[in-house]
Amino acid sequence: MFTLEKLVRKNILALTPYSCARDEFKGRKASVFIDANENPFGTLNRYPDPLQEELKARLSAIKSVPTERIFLGNGSDEAIDLVYRVFCEPRIDNVVAIAPTYGMYAVAADINDVEYRPVPLHDDFSIDADALLSATDEHTKVIWICSPNNPTGNALERRDIEHVLDTFQGIVVVDEAYSDFNDMRPFRLDLDRWPNLIVLNTFSKLWASAAIRLGMAFASADIIALFNKVKYPYNVNQLTQEQALRVLDDMQHISLWRAAILRERAHLLPAVAELPICTNVYPTDANFFLARMTDANAIYHYLVEHGVIVRNRSRIQLCDNCLRITIGSQQENNALLSALRQYR
């Protein structure tokens with residue numbers, strides 16, 4: 001039976017969080033603020049809302065998740081780091097992850113001095129759920145699953161992820177950073193079914209706001225409370241909160257951008273697959289795809305010389321001779337194809 005308290009580090013359970021000045025008068029109206037040692041002059045002189053309540057209320061309506069189950073952080077990387085800081089005892093606990101996948105899971109494990117156990121995907125980049133579970137032991141606190149996966153682009157079979165969630169009694173993180181580019185049911189809508197589930201999402205991809213560094217985590221109210229207990233007091237600045245609200249005011253443009261990216265994806269993948277220097281283009285459910293080339297290193301450097309930047313993933317497990325290519329604008333995609341067609 002899943003018991004959250006058994007997974008949390010003892011020092012985190014005992015932690016008394018920092019109390020923000022703005023938290024202490026919550027629920028009352030105020031017009032004079034002389035509590036936080038701020039400069040009374042200027043337009044950005046006040047600390048931002050430490051819990052981003054207005055922004056969470058707007059997101060709640062869009063994402064269909066209650067505000068108490070939403071965490072906002074400085075990019076998804078903050079939520080990734082918090083998973084380690086809340087649940088993993090350094091040099092004792094371990095985590096398990098699919099491989100290849102997003103590199104920050106391993107980097108954050110190294111930073112927090114936690115053992116990281118990668119489990120290879122099948123050759124077609126599908127998940128081996130039983131192998132993932134077999135890699136766990138009594139000190140495994142977290143399993144990381146990215147779907148659609150980065151760098152492979154494919155969404156993993158839902159029934160395999162559900163099997164992991166049903167079987168593993170630790171935390172399962174499903175990173176859905178790229179879920180907006182397919183029509184599959186997002187796991188954030190099923191938080192009631194799995195109390196051990198954390199779902200990640202981001203403003204960086206579909207919502208075209210990578211520069212503001214705003215990530216989302218959806219989980220039980222108890223897990224979100226732990227994140228808020230450990231996070232830095234004002235982790236999301238005022239400018240980021242204001243820009244995010246402006247983005248949410250313009251959802252019509254978001255829909256248009258999504259349609260344009262999907263159209264370009266449908267055009268670009270077969271065009272790259274037809275190139276004699278490409279041996280395989282893998283199916284994708286994201287705004288990027290993985291292409292296996294005849295000589296990825298040479299082609300990558302050739303593209304750099306022609307001012308076209310893609311990602312060389314040749315050194316990543318199962319991705320020998322592979323380039324990861326983002327779906328760009330029509331002009332960017334045409335420039336890529338023009339360069340590749342001239343490669344000799």
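Strand β6 (residues 197-202) and strand β7 (residues 214-218) run antiparallel to each other and are joined over 4 bridges; strands count as paired if DSSP finds at least two bridges between them. Within this pairing, L200 has A217 in β7 as its bridge partner. Helices (H or I, at least four residues) and strands (E, at least two) are DSSP runs, numbered from the N terminus. The model is predicted, so local features need pLDDT of at least 70 and side-chain atom pairs count only at pLDDT 80 or more, while totals for chains, interfaces and linings use all residues. Residues are numbered from 1 along each chain as its sequence is written, and side-chain values use heavy atoms, with hydrogens and water left out.

An open sheet of 7 strands, with mixed pairing, has the order β1-β7-β6-β5-β4-β2-β3. Its edges are β1 (70-74) and β3 (115-120); each has a single partner strand, so one side of each lacks a neighbour in the sheet. On average, neighbouring strands here are turned by 25° against each other, direction ignored. Helix α3 (residues 53-63) lies across β1, β6 and β7, at about 120° to β1. Such angles run from 0 to 180 degrees between N-to-C directions, and axes are lines fitted to C-alpha atoms, for helices over the stretch in contact; contact means heavy atoms within 4.5 Å.

Now have a look at helix α4 (residues 75-87), which holds E78. E78 is buried and has no salt bridge, as R85, the nearest side chain of opposite charge, is 5.9 Å away. Buried means under 20% relative accessible area (1.4 Å probe, protein chains only), and a salt bridge puts a side-chain nitrogen of Lys or Arg within 4 Å of a carboxyl oxygen of Asp or Glu. For charge, Lys and Arg count as positive and Asp and Glu as negative, with His and the chain ends not counted. Leaving aside residues up to four places away in sequence, E78 touches F71, G73, K231, Y232 and N235.

The axes of α4 and helix α8 (residues 221-230) come within 10 Å and cross at roughly 95°. The two helices are therefore roughly perpendicular, a label for angles of 65 to 115 degrees. Where they meet, A79, L82, V83, R85, V86 and F87 of α4 face I223, L226, F227 and V230 of α8.

Finally, an open sheet of 4 strands has the order β8-β9-β11-β10, with antiparallel pairing.

Definitions and conventions
Buried < 20%, exposed > 50% of the residue type's maximum accessible area, 1.4 Å probe, protein only. Parallel < 35°, antiparallel > 145°, perpendicular 65-115°, else oblique.
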